[in-house]
Amino acid sequence: MESVRSTIDHQPSPTRRGLMFVTFEGPEGAGKTTQLTRLVARLEREGVAHMVTREPGGTPLGSRVRDVLLDPALEIDPLPEFLLYSASRAQLVANVIRPALDRGEVVVCDRYADSSLAYQGSGRGLEGALLADITRAATGGLSPNLTVLLDLDPVVGLERAARRGQPDRLERADLAFHQRVRAGFLALAGREPERFLCLDATQDEDTLQAAIWAAVAARLGV
Ligand SMILES: Nc1ncnc2c1ncn2[C@@H]1O[C@H](COP(=O)(O)OP(=O)(O)OP(=O)(O)O)[C@@H](O)[C@H]1O
Ligand SMILES: Cc1cn([C@H]2C[C@H](O)[C@@H](COP(=O)(O)O)O2)c(=O)[nH]c1=O
């Protein structure tokens, strides 16, 4: 009996089996980085092994690709734009995210494939099947367990983002583009309500963090 109980007690938790992949999504200036930073601080306080990264970026290749994608001096057509995001994503998944999940760490990522569906799909108008095929190739089908969507009117978000300084290439796109992006994110959340935690990003930071931590803690069982 004792040996049976100890076997059960030592079953790996979902985290240790590498199943906890959390992404933050939303329009410009919605507060993703603010909330992600607070979540990471909470994971540290709780003693949960974790790794934090972002898209585009997170690898030496991804950092270079990020500089290209955000450079306001460059004109980039929708297809090469999507392929560049996908190249950064493929490198990040293979070299950073999957190894961390395999080590049993919680992975927290600032933007992921949903951003491509919203920005390059809804925003730029690229076809869904193309996005799905290339995203599958880039990620090997790796999907987050939890996606926190911070929803915000782009007028407010772009104002918030502007406090940081000069707008980057994406932030310079017109308001109609950013409205399509917002609508795209909301449509994605509507299609997968179990994966998405959709929050009104006009709420104060403490309220948002409490909701995010409750969702993470429930999935981690802490
Ligand atoms: N809940 C909030 N209410 C009001 N302002 C906020 C809130 N959360 C963050 N901010 C402020 O909004 C600005 C943008 O926040 P942050 O960089 O976290 O957003 P982001 O979604 O990561 O932006 P981007 O996608 O443009 O990188 C910052 O000045 C931040 O202090
Ligand atoms: C992953 C991803 C990102 N984008 C856009 C969204 C933002 O405008 C920038 C990234 O800047 P941030 O300060 O880190 O939010 O890139 C995109 O268009 N498509 C994507 O797949």
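Which helices each supply at least two residues of the shell around ligand 1? I started my notebook with this, keeping in mind that the model is a predicted one.

**Entry on the ligand shell.** I looked up the helices around ligand 1 and found that α2 (32-46), α7 (154-162) and α9 (205-220) each supply at least two residues of its shell. When I asked which of them gives the most, I found that it is α2, with three residues. I then went through the 14 residues around ligand 1, and noted that G31, K32, T33, T34 and R160 come nearest. Sorting the shell by class, I counted six charged, five polar and three nonpolar residues.

**Entry on the sheet.** I turned next to the strands, of which five form an open sheet with parallel pairing, and I wrote down their order as β2-β3-β1-β4-β5. Because β2 (50-54) and β5 (196-200) stand at the edges and have a single partner strand each, one side of each is left without a neighbour in the sheet. From one strand to the next, I noted a twist that averages 15°. I reminded myself that strands of a sheet pair through backbone hydrogen bonds, in either a parallel or an antiparallel way.

**Entry on one strand pair.** I followed β1 (residues 21-25) and β4 (residues 146-151), which pair in the parallel sense over four bridges. Looking for the bridge partner of E25 in β4, I found L149.

**Entry on a helix across the sheet.** Lastly I looked up α8 (residues 175-191), a helix that lies across β1, β4 and β5 and runs at about 140° to β4.

Notes: Residues numbered from 1 in each chain as written. Chains lettered and ligands numbered in written order. Predicted model: local features only at pLDDT ≥ 70, side-chain atom pairs only at ≥ 80, totals over all residues. Pairing = 2+ DSSP bridges. Axes fitted to C-alpha atoms, helices over the stretch in contact; angles between N-to-C directions. Contact = placed C-beta atoms within 7 Å. Near = placed C-beta within 6 Å. Nonpolar A, V, L, I, M, F, W, Y, C, P; charged D, E, K, R; others polar.
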